[in-house]
Amino acid sequence: MPSTKTEERESHRKPQNQTVLRSLQVTASLRYLGLPRRKNDAVTLAFGTNHVNSRLSTLYWYQDGKKGPRRNSEFAIETDYTFQATKWLYLEPNVQFWVDPGGYTQKNMITVFGVKTGVTF
């Protein structure tokens, strides 16, 4: 029969000293549905920001050997147009503008173009 020590059992009840390294992300969007002559089409404008936890940024910086800049915040603006081609198919081209992508300030801005499709059964 295995031995059970009171100290071992009690250790499960003690709070653990662990730091949770989280980032803060905030997003918002506006969507307008029902354009003139295209009642099922929509236009969307979205904004978002992601702030990297400073302790997490410092940790990564140390892990990389103190090379390069530390991460901070990024900001994104996206717009898309939902084109309802048929009752069951839509196409959604979009364009995104990212300021300081990944939170790295040495990369000023990038532009991303994309398209999403959807099928409804």
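## Ground rules

Two residues are in contact here when they have heavy atoms within 4.5 Å. The model is predicted, so to speak of local features we need pLDDT of at least 70, while side-chain atom pairs count only at pLDDT 80 or more, and totals for chains, interfaces and linings use all residues. Residues are numbered from 1 along each chain as its sequence is written, and side-chain values use heavy atoms, with hydrogens and water left out.

## The chain as a whole

Let's start with the overall layout. The chain has 2 helices and 5 strands, taken as DSSP runs numbered from the N terminus (helices: H or I, at least four residues; strands: E, at least two). Read from the N terminus, the order of elements is α-β-β-α-β-β-β.

Of the 121 residues, 20% count as buried; the classes are buried (under 20% relative accessible area), exposed (over 50%) and partly exposed (in between), with a 1.4 Å probe and protein chains only. The accessible surface of the chain is about 9800 Å², and carbon and sulfur atoms supply 56% of that area. These areas come from the Shrake-Rupley method with a 1.4 Å probe, and for residues only the protein chains shown count as cover. Among contacts between residues at least 6 apart in sequence, 45% join residues at least 24 apart.

## Two salt bridges

How many salt bridges does a search of the whole structure find? There are 2, where a salt bridge is a side-chain nitrogen of Lys or Arg within 4 Å of a carboxyl oxygen of Asp or Glu.

One of them pairs Asp41 with Arg38, with 2.8 Å between the closest N and O atoms. Asp41 is buried at 1% relative accessibility, whereas Arg38 is partly exposed at 31%. The other pairs Glu92 with Lys116, whose closest N and O atoms are 3.4 Å apart. This pair links distant parts of the chain, since Glu92 sits in strand 4 (residues 89–99) and Lys116 in strand 5 (residues 109–119), 24 residues apart. Lys116 is partly exposed, at 42% relative accessibility.

## A closer look at Glu92

Is Glu92 buried or exposed? Glu92 is buried, its relative accessible area being 9%. Leaving aside neighbours within four places in sequence, Glu92 is in contact with Arg31, Asp80, Tyr81, Thr82, Gly114, Val115 and Lys116.

With Thr82, Glu92 also makes a side-chain to side-chain polar contact at 2.6 Å. A polar contact is a pair of N or O atoms within 3.5 Å; within protein, one must be able to donate a hydrogen and the other to accept it, and residues adjacent in sequence count only if both atoms are side-chain atoms.
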